[in-house]
Amino acid sequence: MALLAAFGGATWRCCGRLLKRPFSQAARRGERPGGEELSRLLLDDLPPTQRSAGGLELLFGLSPCLLALRASRRRVARLLLQAGRSGLQGERAELLRTAEARDIPVVRPRRQQLDVLCRYQVHQGVCMEVSPLWPRPWAEAGEAGPGDNSQQLWLVLEGLQDPRNLGAILRSAHFLGVDKVITSQRNSCPLTPVVSKASAGAMEVMDVFSTDDLAGFLQAKAQQGWLVAGTVGCPRCEISPSSEMPVTSCLEFLWDRPTLLVLGNEGSGLSPEVQASCQLLLTILPGRQLPRGLESLNVSVAAGILLHSICSQRKGVPAEGERKQLLQDPQEPSASSAGPRVAQHPGRSSGSEKERQDGG
């Protein structure tokens with residue numbers, strides 16, 4: 001039935017013993033947070049995320065759960081709110097009101113029970129049993145032509161396997177205004193609750209598409225007039241000496257037509273087939289001479305830098321005076337605002353950081 005039911009009976013009676021030294025037991029088994037999921041993602045044919053008999057998965061974290069409720073793209077079986085509080089306030093009160101308005105069952109387990117359910121991830125006292133999210137076929141992304149908007153930006157991800165990298169990239173992409181995200185079907189991380197948590201819930205409101213022929217997709221978009229820009233860390237390490245592919249610093253790139261920005265796998269980068277489908281390669285120049293082995297950045301960090309360097313050229317970006325006004329006089333939502341601040345933008349923080357991390 002539900003995920004919580006799987007931890008009933010004898011399991012709950014032995015929770016006192018199981019929870020005494022959870023991290024030391026995990027260490028003795030050679031595990032680390034997210035390690036089991038990451039090991040599964042290294043396989044060529046990715047198995048499905050562990051789910052209950054009803055096909056549900058456990059979404060955890062305040063922002064992911066709140067944004068999932070607001071987006072209404074998942075079926076919600078029930079909401080799990082940590083017990084032991086004298087009264088729910090802010091975002092947690094919003095969650096409870098929304099769940100009750102939609103007749104979603106609400107359960108109030110203790111924190112130790114939520115820890116076990118979430119495998120000791122940071123849940124902030126909030127979990128939901130939900131149906132999974134799947135990438136949509138790229139054909140559903142629409143056939144936007146270059147003439148529709150000269151500054152369209154689609155982010156293409158080939159073979160990303162770390163769910164936290166994918167989540168961080170989705171968060172940056174949503175914050176900076178990327179229009180669409182396309183992933184490769186093979187060897188790519190699925191849209192798991194870990195991804196949603198790492199994205200601060202951005203995954204819940206973004207449309208993510210996928211294709212089983214990434215090179216063919218890129219070639220088709222190039223024929224339509226799109227610029228296909230790949231990425232490379234250390235050009236001398238990742239590009240064949242015989243290659244005539246131009247390499248451009250992201251600071252010198254001019255965004256004057258619809259562009260596909262293509263990022264590759266954490267370890268191997270772009271595959272030769274996908275790299276050959278690109279028209280140029282963007283790189284981030286280091287600020288000093290680097291020893292061999294440190295020539296590249298983490299893919300999620302590189303994505304943020306590349307996207308910012310491109311999106312800062314977008315027409316309609318606030319002028320300098322407007323930016324200063326926004327920084328000096330931020331608009332605070334009124335007490336009667338229809339929604340909590342945390343859901344306004346996954347890239348912005350609000351409220352007490354300690355409260356959001358501890359979850360009580």
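**Helix 5 against helix 6**

I began with the residues that touch: Leu 62, Cys 65, Leu 66, Leu 69 and Arg 70 in helix 5 meet Glu 91, Arg 92, Glu 94, Leu 95 and Thr 98 in helix 6. Contact here means heavy atoms within 4.5 Å. I sorted this contact by class and found five nonpolar, one polar and four charged residues. In this sorting, Ala, Val, Leu, Ile, Met, Phe, Trp, Tyr, Cys and Pro count as nonpolar, Asp, Glu, Lys and Arg as charged, and the others, Gly among them, as polar.

I noted that this is a predicted model, where local features need pLDDT of at least 70, side-chain atom pairs count only at pLDDT 80 or more, and totals for chains, interfaces and linings use all residues. Residues are numbered from 1 along each chain as its sequence is written, and side-chain values use heavy atoms, leaving out hydrogens and water.

Next I looked up the geometry: the axes of helix 5 (residues 62-71) and helix 6 (residues 90-101) come within 10 Å and cross at roughly 35°. Axes are lines fitted to C-alpha atoms, for helices over the stretch in contact, and angles run from 0 to 180 degrees between N-to-C directions. Helices (H or I, at least four residues) and strands (E, at least two) are DSSP runs, numbered from the N terminus.

**Helix 8 against helix 14**

At what angle do helix 8 and helix 14 pack? I found about 10° for helix 8 (residues 163-176) and helix 14 (residues 299-311), with their axes 9 Å apart. The two helices are therefore roughly parallel to each other, a label for angles under 35 degrees.

**Ser 300**

I then picked out Ser 300, which lies in helix 14. Is Ser 300 buried or exposed? Its relative accessible area is 14%, so Ser 300 is buried (under 20% relative accessible area, with a 1.4 Å probe and protein chains only). Leaving aside neighbours within four places in sequence, I saw Ser 300 in contact with Asn 165, Ala 168 and Ile 169.

**Thr 211**

My last stop was Thr 211 in strand 8 (residues 208-211). Thr 211 has a relative accessible area of 4%, so I logged this residue as buried. Not counting residues up to four places away in sequence, Thr 211 touches Trp 138, Ile 182, Thr 183, Ser 184, Gln 185 and Phe 217.

Terms used:
Angles under 35 degrees count as roughly parallel, over 145 as roughly antiparallel, 65 to 115 as roughly perpendicular and the rest as oblique. Buried means under 20% relative accessible area, exposed over 50%, partly exposed in between (1.4 Å probe, protein chains only).
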